[in-house]
Amino acid sequence: MRGRSALVAGVLIAFVALVLPFVHVTLPVIFEGPLNSAGTLNLLGLCFVFGALALSYDLVFGFTGLLSFGHALYFATGAYVTAIALVHWHWSLPQALVLTALVALVLPLALGAVCLRIQGIPFAMVTLAFAEAASILVLQNPFGLTGGEEGLALGSGTLPAALVGVSNTANLYWIAAGWLALTCAVGWWAVHSPPGRVWQAIRENERRVIALGLNPYAYKLASFVLSGFLAAGAGVAYLFLQGGANPQITTSSFTLVLLVMVVLGGVGTLWGAVLGGIVYEYLDFRLVEVSNASLVQSLPPILRVPLSEPLFILGVLFIVLVLFLPEGLGGIFDRLPRRLPGRPS
Amino acid sequence: MSTLVLLLITGLGLGALYFLVAAGLSLIWGLMRVLNFAHGAFFTVAGYAGFFTSAALSGTSPWLQWLAGLVVATLTGGLFAALTEIGLIQPLYRRPVGQVLVTVGLALATLALVEGTFGSDPRQVALPAWLMATSNVLGAAIPNTRFAVLLIALLVLAGLLFFLRRTRYGLIIRAGVENRAMVSALGIDVQRAFTLVFTIGGLAAGLAGFLGATYYGTIDPSRGTSMLISAFIVVVIGGLGSITGSAIAAVIVGLLQQFLNFYAAAGVGDFAVVLLLAAVLLLRPGGLMGGSSS
C-alpha cells in the first residue's frame, strides 16, 4: 500500500511542479518574486537539478555503500562536454547531447573499473584524486577549451531560441523538472530491480554477497556508471539554467557539498536525497540574501561574519545532523507516523 | 644545472610540507580508521594563529616573531585537533562513516568561517632577514625557507620515529595500528591513544600551517584544502598508517610535481601525481610501505 500512496504523492507533486510556471502567486519570505517570475523559476530549476544530482549520488553512496568523493566529476562532465561541443565545435544541440551521453557512459565506466579494484576509504581517496585531476585539467584550460577559472559561457546562438532569454526560463525549468522526474523514476526502478537489491546487499555485507556466488564488482560498476550518467544529465540541465559551465562544479569541495546534501536528506532513501538536494540549494541561495539583510548587517562582527557565510551555517547544520539525527531530514518524517498512537502500521 | 638544483631542493621542501600534513593523517587512519577531512582546517587555522601572533609581536626581534608564530601555530593545531577528537569523533566511535562525515562538515564550516573573517586574499608573512634571503648551492640561488622547512620536517620525522619505536605510548600506537581489538583486549585504554594520535597529527599539521606560510611567503584560506588533497595522495602512495612510507611518498610527490610543473607545463605535475596514485593503487593496493606502522 505504501508504494501506491507514494506513487500518488509523486504524481501530485509532479503535477504541481509542471503547472507552476502558470501560477502567478507571491509567497512572501519564501520566494522573492511571484512563483512564475524568471528568478523564482530559475532557483526552483536549480533546486531540481541538485535534487536529481543528490539522488544520483545516493544511488552509489547510500544504496551501494560506495563512498565516492569524485561524483562532482560526472556532473561537471555533463556541463563541460555539452558546453565545449556547442561553443567551440559549433555542434547542434542534439549532436552535443549524444556526445555528452557517450562520454557520460564511458568515463564512469573506465574510472569505475579502475577505482573499484580497491575498497573502503582508499576507494574514496582514489575517486577524490581522479576528480581533483579533472579539476586541475579544467583550470589549466587545455587548448583554450574549458576557459580556465572564468568558466565557459554559452554565447548567443549556441542554444535553440526556445532555451534562451529570461522569457523562456519556464522551458529551462521544465527541463530541470523533467530530468529530476526521470532520475527519480530510473532511481526507483533501479533500487527495486534485482541488481538494485544486490547493491543494498553489498552495502550491508559484501562478503555474504560473494558467498552467495555473486560478483560484487560488476554490480558496483553498474551502480557507479548509472549514477555517473544521471549526474551528467543533471550537469546538462545546470549548464542550461546557468548559461555556462564554471570550474566551481569540478572542485572537491563541490563533491563534499553533495555529500552534505545526501546526508541532510537521509542516506539510502530516494526521496530523502532529493529533498536534501533541494533544501540545500534553496538554503545556499536564500542564506546569501539573509546575510545581506539589514538585520544581519547591523549585528556585531562576531555574529555577523558566521551568519553571512552560508557554508558555515550548512557545515554546522551538517555536523549537528550527523551527530544527533543520522537518518537525516527524511528520518524525521519517517519517525513521525510511528509516534501517533492507535495507527495501524 | 642550477635549475636542476633549485627544483630539487624546492621539491624537497614541498615534500617536507606534505610529509608534516600526511604524517598525522596516516597515523590517524592507521590507528582509528578515520579519514580526517578536517586536517586541512587544522593547517589553515593554525597558520592564521601563527600569522597573527607573529604580527602582534612586530617591533621585537624578527626571529622571536617567527619562532613565536611557529610555536603558537603548532599548539593551536594540537589543541584544535584534540578538541575535535573529544567533541566530535568520540561520540561517533561506533559509526565510522559518521566520523568521516563530521570531519567533512567541520572542514567546510571552518573554511567558510576563516574566509569570512580574514578574507580570501593572501596576506604577506613577516620573516626574519635570513629566511627572506637565498643561499648559493652549486650555482643555484635557493631561498633559505626551503632549508628551514626541510630541517624542521626531518626533526619531526626523527622525533616521530623515536616516539613510535622507543616509548611505551609509541608501542601502544604501533600495536593498535596492527590490531586494535587485541590491544583493547589486553586492557589498554585505546581511547586515550586515539586522542593522543589526533593531537600529534594536529600538532604536525599546525606546524605545517605556519611553515607553509613561511615557504610560500603568504597565507590564504584555500591552501589547506589543496594541502589536504596532496597529503591524501601521499598517505595512500606511502601506505596507510606508515610514517616512513609517508616520508618517502612525500618526497616522491614533491619532486614529481616540481619537475613536471617546470619542464612540462604548469599543472602537468599535479596531474602526474594523481596518475602515480592510480598506478600505485593498482599495482600495490596497500601502498609502498603498507602494513607497517613506523
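Predicted model: local features only at pLDDT ≥ 70, side-chain atom pairs only at ≥ 80, totals over all residues.
Local features need pLDDT of at least 70 and side-chain atom pairs count only at pLDDT 80 or more, while totals for chains, interfaces and linings use all residues. Residues are numbered from 1 along each chain as its sequence is written, chains are lettered from A and ligands numbered from 1 in the order in which they are written, and side-chain values use heavy atoms, with hydrogens and water left out.

**Exercise 1.** Determine how α2(A) and α10(A) are oriented to each other, and which residues meet.

Solution. 
- Step 1: Locate the helices, which are DSSP runs of H or I with at least four residues, numbered from the N terminus. Helix α2 of chain A covers residues 38–63 and helix α10 of chain A covers residues 252–265.
- Step 2: Take the axes, lines fitted to C-alpha atoms over the stretch in contact, with angles from 0 to 180 degrees between N-to-C directions. The two axes come within 9 Å and cross at roughly 85 degrees.
- Step 3: Classify the angle. α2(A) is therefore roughly perpendicular to α10(A) (65 to 115 degrees).
- Step 4: List the contacts (heavy atoms within 4.5 Å). Residues of α2(A) including Phe50(A), Leu53(A) and Asp58(A) meet residues of α10(A), among them Phe254(A) and Leu258(A).
- Step 5: Sort by class. The contact of α2(A) with α10(A) has eleven nonpolar, no polar and one charged residues; Ala, Val, Leu, Ile, Met, Phe, Trp, Tyr, Cys and Pro count as nonpolar, Asp, Glu, Lys and Arg as charged, and the others, Gly among them, as polar.

**Exercise 2.** Describe the aromatic pair of Trp63(B) and Trp66(B).

Solution. 
- Step 1: Both residues lie in helix α3 (residues 62–89) of chain B, three residues apart, about one turn of the helix.
- Step 2: Rings of Phe, Tyr and Trp (its six-membered ring) pair if their centres lie within 6.5 Å, and planes over 60 degrees apart count as edge-to-face. The structure holds 24 aromatic pairs over all chains. For Trp63(B) and Trp66(B), the centres are 5.8 Å apart and the planes stand at 90 degrees, an edge-to-face pair.
- Step 3: Compare accessibility (buried under 20% relative accessible area, exposed over 50%, partly exposed in between, with a 1.4 Å probe and protein chains only). Trp63(B) counts as partly exposed because its value is 38%. Trp66(B), at 4%, counts as buried.

**Exercise 3.** Find which ring Arg146(B) lies over, and which ring Arg223(B) sits over.

Solution. 
- Step 1: The criterion is NZ of Lys or CZ of Arg within 6 Å of the ring centre and within 35 degrees of the ring normal.
- Step 2: Arg146(B) lies over the face of Tyr215(B), 4.1 Å from the ring centre.
- Step 3: The charged end of Arg223(B) sits over the ring of Tyr216(B), 3.9 Å from its centre.

Note on methods. Phe/Tyr/Trp six-rings, centres within 6.5 Å; stacked < 30°, edge-to-face > 60°. Helix = DSSP H or I, 4+ residues; strand = E, 2+ residues; numbered from the N terminus. Parallel < 35°, antiparallel > 145°, perpendicular 65-115°, else oblique.
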